Amino acid sequence: MSELTFTLLRLGYLALLWIFVLIAVGVLRRDVSTRARLAGGGVRRNRNATVKPAKDTPPAPPKPTKLTVLSGSLVGTQVPLTASSILIGRAPGCTLVIDDDYASSRHARIFPQGDQWFLEDLNSTNGTFLGDQQIHGVVPLGIGTAVRIGRSVLELQG
Amino acid sequence: MTVTSPGFTSPGTLSPSTSSPGTSPGTLSPDLSPPMVSDTSSPSQATPEDLTDIFGAEPTFKKPWRIAEIFLLLLALGIGIGGFAMVGYVMNGELPDTFWLESASMVGIALFMHLVIRFVAPWADQIILPAVVLVNALGIVMILRLDLAPAGAAGANAIRQTQWAAVSVVVAAAVLIILREHRTLRRFTYTSGIVGLILLLSPMIPGLGMEINGARIWIQIAGMSIQPGEFAKIFLAIFFAGYFFNNRDNLTLAGPKLGPIQFPRFRDLGPILIVWVAAIAVLVMQSDMGMSLMLFGLFVAMLYLATQRFSWVLIGFCLVGAGGYFAVQAFPHVSQRFDGWLHAMDPAVIDRAGGSFQLVSGLFGLANGGLLGTGLGHGHPYLVPLSFSDFIYSSLGEELGLTGLLAVLVVFFLIVERGLRTAIDVRDGFGKVLAGGLAFLIAWQLFIIVGGVTRLLPLTGLTVPFMAQGGTSLLSNWIVIAILIRISNEARRPSIDPGLGEVAPVNGDESQGYVVVGQSDTPAIVSGSPSNDATEMMDALPRELPPDEDATEMIAPVSGGTQ
């Protein structure tokens, strides 16, 4: 085998190794971009969906339309408010399942009556707080009042 | 109906309209008892018809063709077989005697494993297998080259390594076929722990264990010497995943806070101390620094994965530092290793028995290779003791150069990245910790041995996964890959459960409302319920469910730990 052939083979072999690497990285990139596209599609769909409940309710300014998690593991989560109550807790059956070790399995409930929304503590172990005040039983809940459950803080937003 | 799983409820859990069955909207009064009875009762009315209803969309997901895997496998085989041929022509001017046998074996291995994955894990990642086949083949190329060297690297045996590769793939395929569900492993948490410890300590049993090259890490069974520690690492990874996942709340939340770092309670330190003692015992009694480092690293990494508490890593580092310092002071064979590392170039240290001759000649080999390498067959890698096993990295470095070494390292990086990606994607917490731990295991093992050969760390007796000659190591790493592929299949299988940051439509009725998750870049977990009882329920699921439906019932995303 001549020196030239050998050198070509030697470099060709290294090139082949890197071609494998580059193609594998290409496959990875395609994988990532497909997923990003899928995820992006999902979010877009959801934005439309949040608009819908807002459309249903006429623009009476003080009316809350969503429940937003301000802090805790679910920060950013929003639950659109409809005519039914929202159960909050760790149990998988809750409307808002919060991943919080200081929350009870069925911790609290937020429900509408008339034009007003109410917050009810369901005998939770660590209590439900409205601002700094621990609540007992049912209290009215207005827009922008912070509700603390375990380490999560929620509020109604317009 | 016993099928009660949070998975069913999760699409509905976030919907205000379905959350309170039996209560008509608008009629709630404050004195009503909570309308929700319990999550477990509402889905219990689900009948098999409901199941097909809910999961009706599933068969329309197309299984991947796995074209990428086929193509990459062909490329990997080309590199491997081309390597066999090149080694033969360069060294003897003809194809090596064993060329056809080895090439056919590699093709068989790739084809067999590809078909097995296609049938039993069709959604699995497509890069892991070709990458592993590539490094395995490259290892055999290097061993064949050393086997053919006229000066001879006594002990290099390419045919034997090929046979081991074939055996490993058959075993890996068996694992993949038998283990239809990685969550099954969770039931064997403590069994695995005990088996792992027994395997780890078995070389110390007189009569069974034997000492090779100063390390007592082998046992002899039926004329074959095997390294039980290689299998122990898999069992211990399963044990750690199960144990940490079950106890992560205690490990994460309890304990005093000191500055920004939350320290665990003293009694939660128990298991970490036991493993630390085991690692030190391995180090002292078997004089196997690599295994003890690997074991402890795996332990701390998986603890961190499960709890996300940096204090564990800190404690781990301190314990390793203390143990290492103590070992260096107290045990001559350890201090000799450190001496050979710190003063490698000292002529006295090089010439000493058990000195740094091997390390230094490996470094000379790497230097001789330079950027592009001498080319296969043109270097002198056989001058390094154990050039075909512990020092295969420096042999490759000499003949393929830094360019080739980096390619190999990137291929390993891809394997590890796919493993970690699997850990992120998979929807159950046990799977997350296990996949993350196994991926870390490969990376950590590679880091320790490459660090040892390049003199970043003290040299240890670990082997480059899939490349170094040695049946036990090859077999155990293929099993690790089989488990990773299984979890990856689970992670990438389409599911109607919402993934992280995704939102599930409410039982297909898109007008009913959603929860928007994560407007920030860090999407939240919508309906994950990491509570233990929920996962327990999952484990109690009837097994007669077809796997397709079974898997979709898993709890929706659980983060590796609670925050």
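Modeller: In this predicted model, a residue is called buried when its relative accessible area is under 20%, exposed when that area is over 50%, and partly exposed in between.

Colleague: With that cut-off, how many of the six residues of strand β11 of chain A are buried?

Modeller: Strand β11 spans residues 152–157 of chain A and is mostly covered. By the threshold of under 20% relative accessible area, the number of its residues that count as buried is five.

Colleague: Which residue of β11(A) is the bridge partner of A:Leu67?

Modeller: Strand β1 of chain A, residues 66–71, pairs with β11(A) in the antiparallel sense, and five bridges hold this pairing. Within β11(A), the residue that partners A:Leu67 is A:Leu156.

Colleague: β10(A) and β11(A) form a hairpin, so which residue in the turn has a positive phi, according to the definition of strands used here?

Modeller: Strand β10 of chain A covers residues 147–149 and runs antiparallel to β11(A), to which three bridges join it. A:Ile149 stands opposite A:Ser152 of β11(A), and two residues lie between the two strands of the hairpin. The turn residue with a positive phi, of about 60°, is A:Gly150.

Colleague: Which strands are the edge strands of the open sheet of chain A that contains β4 and β9?

Modeller: This open sheet has five strands in the order β4-β3-β5-β6-β9, and its pairing is mixed. An edge strand here pairs on one side only, and the two strands of chain A that do so are β4 (96–97) and β9 (138–141).

Colleague: Within that sheet, which residue of β5(A) is the bridge partner of A:Ile88?

Modeller: Strand β3 of chain A, residues 86–89, and strand β5 of chain A, residues 108–113, run antiparallel and are joined by three bridges. Across this pairing, the partner of A:Ile88 in β5(A) is A:Ala108.

Colleague: Is A:Asn123 buried or exposed?

Modeller: A:Asn123 is placed in the loop between β6 (116–121) and β7 (128–130) of chain A. Most residues other than glycine have a negative phi, whereas A:Asn123, which is not a glycine, has a positive phi of about 55°. Because its relative accessible area is 74%, and the cut-off for this class is over 50%, A:Asn123 counts as exposed.

Colleague: What is the relative accessible area of B:Arg455?

Modeller: B:Arg455 also is not a glycine and has a positive phi, here of about 70°. Its place is the loop between α16 (429–453) and α17 (471–492) of chain B. B:Arg455 is classed as partly exposed, with a relative accessible area of 29%.

Colleague: Which residue of β3(B) stands opposite B:Ile219?

Modeller: Strand β2 of chain B, residues 215–221, runs antiparallel to β3(B), and three bridges join the two. Opposite B:Ile219, the residue in β3(B) is B:Ile226.

Colleague: What is the relative accessibility of B:Ser202?

Modeller: B:Ser202 is found in the loop between α7 (189–201) and β1 of chain B. Leaving aside residues up to four places away in sequence, B:Ser202 touches B:Leu208, B:Gly209, B:Ile219 and B:Pro228. B:Ser202 counts as buried because its relative accessibility is 6%.

Colleague: How many charged residues are there in the contact of α7(B) with α8(B)?

Modeller: Helix α7(B) packs against helix α8 of chain B, residues 228–253, at an angle of about 150°, with the axes 7 Å apart, and the crossing is left-handed. Among the residues that make the contact are B:Tyr190 and B:Leu197 of α7(B) and B:Phe231 and B:Phe235 of α8(B). The residues of the contact divide into 13 nonpolar and seven polar, and the number of charged residues is no charged.

Definitions and conventions. Residues are numbered from 1 along each chain as its sequence is written. Chains are lettered from A and ligands numbered from 1 in the order in which they are written. This is a predicted model: local features need pLDDT of at least 70, side-chain atom pairs count only at pLDDT 80 or more; totals for chains, interfaces and linings use all residues. Side-chain values use heavy atoms; hydrogens and water are left out. Two strands pair if DSSP finds at least two bridges between them. Helices (H or I, at least four residues) and strands (E, at least two) are DSSP runs, numbered from the N terminus. Buried means under 20% relative accessible area, exposed over 50%, partly exposed in between (1.4 Å probe, protein chains only). Contact means heavy atoms within 4.5 Å. Axes are lines fitted to C-alpha atoms, for helices over the stretch in contact, and angles run from 0 to 180 degrees between N-to-C directions. A crossing is left-handed if the near helix is turned anticlockwise from the far one by less than a right angle, and right-handed if clockwise. Ala, Val, Leu, Ile, Met, Phe, Trp, Tyr, Cys and Pro count as nonpolar, Asp, Glu, Lys and Arg as charged, and the others, Gly among them, as polar.
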